[in-house]
Amino acid sequence: MATLKVTELDTSRPGFEAALTALLERSSETGAEVESAVRAIIEAVRRDGDQAVLSYSRRFDGLAAERLSDLELGAERLSAALGALPSHERSALEIAAGRIRAFHERQREQSWEYRDDDDNVLGQTITPLERVGLYVPGGRAAYPSSVLMTAIPAKVAGVGEVVMVVPAPEGDVNPLVLAAAHVAGVDRVFTIGGAQAVAALAFGTQTVPRVDKIVGPGNIFVAVAKRLVFGHVGIDMVAGPSEVVVICDETADPRWAAMDLFAQAEHDELAQSILLTPSARLLSAVREALERLLPSLERREIVRAALENHGALVRVRDLDEAVAVADRIAPEHLELMVADPRTLAARVRHAGAIFLGAHSAEVLGDYCAGPNHVLPTAGTARFSSPLGVYDFQKRTSIIMCSPPGAARLAETASVLARAERLTAHARSAELRMAGRKQR
């Protein structure tokens with residue numbers, strides 16, 4: 001097998017910043033043809049509803065249904081899928097679901113209020129969204145873990161109805177995905193996918209109900225569709241390719257580090273795996289382990305492409321600089337395979353999820369540790385957070401003024417409103433002032 005050619009960088013050498021910037025610039029530009037096609041699909045679904053979705057499902061997925069309702073799977077089908085699973089798969093799903101639920105139950109927010117010195121009542125009401133749509137990839141990719149990670153937080157938040165869409169090319173639906181939907185409490189499942197499924201959820205059709213928010217990963221057509229319907233409906237994020245940064249010191253096992261880099265790279269050819277270490281010996285050992293272990297991987301060609309085009313082994317001066325570089329990247333996943341991971345983690349500002357210690361493999365977070373695996377990508381961890389219960393709730397401010405409180409607040413409001421030359425605002429406030437006659 002050909003030698004694995006992974007980029008090697010050194011922070012002490014000239015040109016490092018430019019090289020890192022180039023490495024991180026995995027193009028997120030959408031081709032004009034893709035965007036145009038997605039816009040046409042969305043408009044057709046808005047205009048023709050069920051018939052447009054059926055037409056695209058026949059064209060792209062080879063489905064021959066006469067009615068869109070034929071593509072809805074009932075609760076008995078989901079239950080049967082769970083019952084038919086081998087015991088070890090069913091047990092794994094239920095264990096993962098239990099851990100994900102336990103973690104997200106701790107994220108619940110509560111409504112609150114207080115009274116100020118003028119007896120005004122101020123507060124915030126927390127309300128769940130009424131209906132949420134989950135997009136779950138289908139076809140070659142099957143991600144029951146994504147079903148759990150999206151549906152369970154929605155249910156914990158109290159969402160009234162969870163509607164799942166999953167493409168089923170030629171009618172093929174992964175039974176583990178259906179079983180996960182049952183375990184997670186999904187209410188309705190439609191075997192539709194692509195931009196047409198996103199549009200159906202965003203605008204509703206005669207059969208598919210309109211939702212308040214759409215979450216979940218998908219291909220470039222799904223990502224573009226989510227971006228284009230945002231504003232008509234909420235979305236979680238427009239996710240880019242997956243990524244991991246692994247920081248190692250001399251204590252790290254190079255085989256473990258290599259396999260964790262592989263695990264991220266096998267997602268797809270655009271995935272990014274980066275190693276940061278101050279140890280020349282460890283860097284060399286990881287490089288050797290990558291070369292030696294690559295032929296044993298089932299998805300070795302995808303891994304090779306990802307590592308050669310987007311991966312890197314980076315020599316840093318020390319662990320402090322490793323953290324600085326990691327913060328510059330703001331990765332989706334950050335592994336700290338070091339002797340004192342807690343101390344190092346305290347210095348990190350930007351990461352979707354941090355995995356502390358060599359035993360905390362990123363793959364455990366992907367499936368069953370408990371925290372959500374839907375994470376900000378492409379540097380958006382600088383300002384974004386993992387998917388959580390809070391994404392399925394909204395906050396409403398509560399203001400109830402007492403007569404004396406209104407009068408006192410009105411004095412301040414009037415001054416500020418007149419400073420902004422909004423005189424109707426000012427007069428509205430002034431009507432609440434004590435002793436002021438209505439004009």
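This is a predicted model: local features need pLDDT of at least 70, side-chain atom pairs count only at pLDDT 80 or more; totals for chains, interfaces and linings use all residues.
Local features need pLDDT of at least 70 and side-chain atom pairs count only at pLDDT 80 or more, while totals for chains, interfaces and linings use all residues. Residues are numbered from 1 along each chain as its sequence is written, and side-chain values use heavy atoms, with hydrogens and water left out.

A cavity is a set of points, on a 1 Å grid over the protein atoms alone, where a 1.4 Å probe fits but cannot get out. The largest cavity holds about 30 Å³ of space; volume is the space filled by probe spheres set on the points, which are joined across faces, edges and corners. Its lining (residues with an atom within 4 Å of a point) comprises Asp260, Ala263, Glu335, Ala361, Glu362 and Val363. Helices α10 (254-265) and α15 (362-367) each give two or more residues to this lining. Helices are DSSP runs of H or I with at least four residues, and strands are runs of E with at least two, numbered from the N terminus. Three lining residues are nonpolar, three are charged and none is polar. Ala and Val count as nonpolar, Asp and Glu as charged.

Pairing requires at least two DSSP bridges between two strands. Strand β4 (residues 121-128) pairs with β15 over eight bridges in the antiparallel sense. Within this pairing, threonine 127 has lysine 394 of β15 as its bridge partner.

How values were computed:
On a 1 Å grid over the protein atoms alone, a cavity is a set of points where a 1.4 Å probe fits but cannot get out, and a pocket is an open set with protein on both sides within 12 Å along at least five of seven lines; lining residues have an atom within 4 Å of a point.
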